[in-house]
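This report describes one protein chain for a reader who has the sequence and the structure at hand. Please keep both in view while reading.

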Amino acid sequence: MISNLNSEHAWSYEIDPILEALFRYIDSLPLPETPYVTGRPPVSKKSLLKCFFLKTYFAIDSLRKLVRILQRFRCFQRACGLSEIPHLSTFSRAAKWFREQGFPVFHAQLLKDLEVRYPQIVLIDSTALRSSLYDSQAKWGVSTRYHWFKGYKLHLCTTAEGIILSHVLTTANRNDVAVAPALLASLGQWEMEFVLGDAAYDSEKVRQTAEQAGILFISPINRRNSEERKDAYGRVLPVFLKTRFGQWLFGLRRGIERVFNELKSDGVEQPRWYGFHRYVLHVLCCILMHNFEFLL
């Protein structure tokens, strides 16, 4: 569970069992050990990854503060496998590598170890992530819970069990329908039958994208479009959702709501943070930690 660094257990000299298990898993990954040579001793990618997860676990809001924490607490240095603390610029380069290259490799390996092969039913949805009002990269958007808010939106595709398959992080002003095709395209490596979304995804474009991938996309009819609907989908789906199978099938969507609740209770939303790249790094680590818990 992600905790604030000010909590009592964070200052102890024992690493949380979840972090300890995650660090052992990182040690087992086939990652090169010497990513950067800058005139100083090379720094291990695995050690840098451990530092990023430590940052996420304790909700440390910047790489600069992470460096100060590592300098102050030798127990964290030892846990991350550091003989000395890298320069801030090394962490910055490593963060860029992780966002662009490291995360896809790590995530793919984790899904492989979880034996995610044939997720017949996939769930799609988004949630609001508030940011600092001083974040110049964030945008204003609307959500059911917050109404108008400034920040970002996390779009997810998950299995019915709650394993996150793919994600997209956007600014809050991006519409779910505009992001859905990219999420659906990322599911091409898996064989599935259904993708379930809420009424926000009631779009011909979304259904066509899913159909091209051989997927049946099911979402309730959006009330804004209900009076105009004369197509077969608009006539058949309301009847289908009233059947026992339809009610059971669409009831599975509660699974992705649980995922969002777990992510938020673990600290994925940071209303005082600012900066898109800073938020992305945090969200990526939260996703990996969420999926990793399925291995425990």
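## A residue in helix H12

Leu 284 is a residue of helix H12. The structure discussed here is a predicted model. Is Leu 284 buried or exposed? With a relative accessible area of 3%, Leu 284 falls under the 20% limit, and it is therefore counted as buried.

His 107 is 177 residues away along the chain, yet the C-alpha atoms of Leu 284 and His 107 are separated by 9.3 Å. Leaving aside residues up to four places away in sequence, Leu 284 touches Phe 98, Arg 99, Phe 103 and His 167.

In soluble globular proteins, nonpolar side chains tend to be buried together. In this model the largest nonpolar core has 94 residues, and those with the most contacts inside it are Phe 52, Phe 53 and Phe 98. Helix H12 gives the most to this core, namely 11 residues.

Which residues does Phe 53 touch, not counting residues up to four places away in sequence? They are Leu 19, Leu 22, Phe 23, Ile 26, Phe 106, Cys 285, Leu 288 and Met 289.

## Strand E3 and its partners

Strand E3 spans residues 147–159 and is mostly covered, with 11 of its 13 residues buried. Strand E1 (residues 121–130) runs antiparallel to E3 and is joined to it by nine bridges. Strand E2 (residues 139–143) also pairs with E3 in the antiparallel sense, over five bridges. Between E3 and strand E4 (residues 164–171) there are seven bridges, and these two strands run antiparallel as well.

Individual bridge partners can be located in the model. Thr 127 has Leu 154 of E3 as its bridge partner, and Leu 154 stands opposite Leu 169 in E4. For Trp 140, the bridge partner in E3 is Lys 150. Two hairpins involve E3. The hairpin of E2 and E3 has three residues between the strands, while that of E3 and E4 has four, and there Gly 162 takes a positive phi near 110°.

## Helices and their neighbours

Two packed helices are described by the angle between their axes and the distance between the axes. The axes of helix H1 (residues 17–28) and helix H5 (residues 88–113) come within 12 Å and cross at roughly 105°. Angles of 65 to 115 degrees count as roughly perpendicular, so H1 and H5 are roughly perpendicular to each other. Where they meet, H1 contributes Leu 22, Tyr 25 and Ile 26, and H5 contributes Phe 106, Gln 109, Leu 110 and Asp 113.

Helix H10 covers residues 244–251, and its buried residues are Gly 246, Leu 249 and Gly 251. Among the elements that cover these buried residues are E1, strand E5 (194–196), strand E6 (216–218), helix H9 (232–240) and helix H11 (254–265).

## Confidence in the model

The mean pLDDT of the chain is 88, and 90% of its residues reach 70 or more. Where pLDDT is low, the predicted coordinates should not be read in detail.

How values were computed:
Residues are numbered from 1 along each chain as its sequence is written. This is a predicted model: local features need pLDDT of at least 70, side-chain atom pairs count only at pLDDT 80 or more; totals for chains, interfaces and linings use all residues. Side-chain values use heavy atoms; hydrogens and water are left out. pLDDT is the predictor's confidence in each residue, from 0 to 100. Buried means under 20% relative accessible area, exposed over 50%, partly exposed in between (1.4 Å probe, protein chains only). Two strands pair if DSSP finds at least two bridges between them. A nonpolar core is a set of buried Ala, Val, Leu, Ile, Met, Phe, Trp, Tyr and Cys residues joined through side-chain atoms within 4.5 Å. Contact means heavy atoms within 4.5 Å. Axes are lines fitted to C-alpha atoms, for helices over the stretch in contact, and angles run from 0 to 180 degrees between N-to-C directions. Angles under 35 degrees count as roughly parallel, over 145 as roughly antiparallel, 65 to 115 as roughly perpendicular and the rest as oblique.
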